[in-house]
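The structure is shown first.

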Amino acid sequence: MIRESTLETLKSMHCSAMAEELKRQMEDPAAYSSLGFEERLGLIIDAEWNRRQRNKLARLIAKAHFSIPSACIEGIEYIPDRKLDKAQIIRFSTCQYINDNHHIILKGASGSGKTYLACALGNAACRKYKNVIYIRMPELLDELSMGKATGTFDKVIKAYRKVDLLILDEWLIRCLTPQETYNLLEIIEARVNSPNGSMIFCTQYNNEEWYGRIDPESDEGSPISEAIMDRIIHNAYDVLIEGRISMRKRHGLSASQEGGAYEG
């Protein structure tokens with residue numbers, strides 16, 4: 001009776017893993033007879049801790065909204081013609097660049113696997129229990145414009161400022177309007193001035209091409225495009241993903257399937 005009461009108390013305290021481990025020990029006393037009280041208690045506590053950490057990781061991954069939730073460092077394909085530096089990717093997976101407030105710029109043609117790599121790095125950050133947000137740039141621009149229109153712009157900026165890692169896919173996929181440029185500066189400024197300001201950019205364009213896409217009205221760059229660029233490129237690791245064949249073609253996927261884990 002006392003044992004059942006203890007199990008129910010643990011469950012009511014939301015310590016279900018502790019209850020399961022205690023029940024396991026009670027049902028097989030011979031297997032645990034050689035262990036002392038502290039060792040058996042340690043197993044019970046470890047069971048609960050591991051369950052909570054697994055749940056926390058699952059929440060962080062779900063909250064990140066990765067376009068490829070299954071992407072992981074272990075699934076990256078180091079095909080020779082892609083010229084990926086495996087040692088560099090492994091270093092990135094330690095998340096030291098996040099601790100140091102550095103950025104990563106992933107460059108490559110459409111289908112080169114930029115999104116998978118970005119989501120894999122985001123997954124690695126979640127495994128370190130860091131808060132991550134993945135978003136396509138067109139969606140971010142729409143969210144910022146809506147924030148301006150509804151008076152919630154500051155709230156949107158504050159939310160993006162809080163996360164440890166912001167992943168911007170399809171960076172500068174289209175040229176910006178003047179208002180979008182100013183909105184973008186606000187969020188970049190908020191990120192670089194936050195304690196955790198790291199960003200990952202996925203783009204098809206070289207750095208020198210960014211000027212004309214940030215401010216299409218200026219041929220040689222403008223103060224605002226310079227301001228955005230200066231806050232990013234001088235504190236970023238450049239990663240060029242090469243390869244003559246699209247990763248989708250390598251795996252026989254159609255454009256509608258590109259959200260799948262086509263790296264491996």
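## Confidence

Residues are numbered from 1 along each chain as its sequence is written, and side-chain values use heavy atoms, with hydrogens and water left out.

Confidence in the protein chain is highest in strand 3 (residues 165–169), with a mean of 98, and lowest in helix 13 (residues 247–250), with a mean of 62. Over residues 254–261 the pLDDT is below 50, and this stretch has 11 contacts in the model beyond near neighbours in sequence; a contact means heavy atoms within 4.5 Å. Where pLDDT is low, the predicted coordinates should not be read in detail. Helices (H or I, at least four residues) and strands (E, at least two) are DSSP runs, numbered from the N terminus.

## Helix 9 and its two partners

The axes of helix 8 (residues 137–150) and helix 9 (residues 153–162) come within 7 Å and cross at roughly 140°. Axes are lines fitted to C-alpha atoms, for helices over the stretch in contact, and angles run from 0 to 180 degrees between N-to-C directions. Helix 8 is therefore oblique to helix 9; angles under 35 degrees count as roughly parallel, over 145 as roughly antiparallel, 65 to 115 as roughly perpendicular and the rest as oblique. Helix 8 contributes Leu140, Glu143, Leu144, Gly147 and Lys148 to the contact, and helix 9 contributes Phe153, Val156, Ile157 and Tyr160.

Helix 9 also packs with helix 10 (residues 178–192), at an angle of about 40° and with the axes 9 Å apart. That makes helix 9 oblique to helix 10. On the helix 9 side, the contact is made by Phe153, Ile157, Tyr160 and Arg161; on the helix 10 side, by Asn183, Glu186, Ile187, Ala190 and Arg191.

## Helix 10 with helix 12

Helix 10 and helix 12 (residues 223–230) pack at about 30°, their axes 10 Å apart. The two helices are therefore roughly parallel to each other. Thr181, Tyr182, Leu184 and Leu185 of helix 10 meet Ile224, Ala227 and Ile228 of helix 12 in this contact.

## Salt bridges

The structure holds 7 salt bridges, a salt bridge being a side-chain nitrogen of Lys or Arg within 4 Å of a carboxyl oxygen of Asp or Glu. One of them joins Glu242 and Lys83, with the closest N and O atoms 3.7 Å apart. Glu242 lies in the loop between strand 5 (236–240) and helix 13, and Lys83 in the loop between helix 4 (37–64) and helix 5 (86–93), so the pair ties together parts that are 159 residues apart in sequence.

Technical notes: Predicted model: local features only at pLDDT ≥ 70, side-chain atom pairs only at ≥ 80, totals over all residues. pLDDT = per-residue confidence, 0-100.
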